[in-house]
Amino acid sequence: SRGFSKNILTKYDVGDCTKTGKPMSGRAVVPVYDNNRQYMIGCTGRATTDKCEKCNHYHLGNECPDKESLYLHCKWRHNYGFKTQNYLYNYWFAQEHIKESRSVILVESPGNVWRLEEAGIHNSVAIFGDKFLPNVVDGVSMCV
């Protein structure tokens, strides 16, 4: 409902989870692939409902969730065990364009990547949110 083209949603394998009772229920599910796009390494889901005015969370139905499960009803949710800080969304498609252009556009979310793709810009990657923290991997300082 955010106005993305069918071509973009198909290219990125985005679909809605309509099965009730599932962790991604009521979300647009976005698979995340390895650098070669050979294996799906995780997924993230964005709520398809509007934010509830009573509890400030995203849920199906009229009843707000209890306080213990509010964390399950945030705007974005990642599958259990998926470490978003270790991956850049869209690197599997963008890497050749990054090499050719010798530049990369870093954005917040998959939706930002898709808007750039629709505009013909193919060298963008997303960091899965608004946090940009230093990380050390094998003694090398990196931003993830």
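**Entry 1: a pair in helix H2**

I began with Lys 99, which makes a salt bridge to Glu 96; their closest N and O atoms sit 3.6 Å apart. I kept in mind that this is a predicted model. Both residues belong to helix H2, which covers residues 91-101, and they are 3 residues apart, about one turn of the helix. Next I looked up how open each one is. Lys 99 counts as exposed, at 53% relative accessibility, while Glu 96 counts as partly exposed at 46%.

**Entry 2: a pair in helix H3**

I moved on to Arg 115 and found it in a salt bridge with Glu 118, with 3.0 Å between the closest N and O atoms. These two share helix H3 and are 3 residues apart, again about one turn of the helix. I noted Arg 115 as partly exposed, with a relative accessible area of 35%. Glu 118 is partly exposed too, at 33% relative accessibility.

Which residue forms a salt bridge with Lys 11? I found Glu 117, and the closest N and O atoms of the pair are 2.9 Å apart. Lys 11 lies in helix H1 (residues 6-11) and Glu 117 in helix H3 (residues 110-118), so this pair ties together parts that are 106 residues apart in sequence. Is Glu 117 buried or exposed? I have it down as buried, with a relative accessible area of 7%, since buried means under 20%. Lys 11 is partly exposed at 33%.

**Entry 3: the whole count**

Last, I searched the whole structure and got 4 salt bridges. A friendly reminder to myself: side chains of opposite charge can pair when their charged atoms come close.

Note on methods:
Residues are numbered from 1 along each chain as its sequence is written. This is a predicted model: local features need pLDDT of at least 70, side-chain atom pairs count only at pLDDT 80 or more; totals for chains, interfaces and linings use all residues. Side-chain values use heavy atoms; hydrogens and water are left out. A salt bridge is a side-chain nitrogen of Lys or Arg within 4 Å of a carboxyl oxygen of Asp or Glu. Helices (H or I, at least four residues) and strands (E, at least two) are DSSP runs, numbered from the N terminus. Buried means under 20% relative accessible area, exposed over 50%, partly exposed in between (1.4 Å probe, protein chains only).
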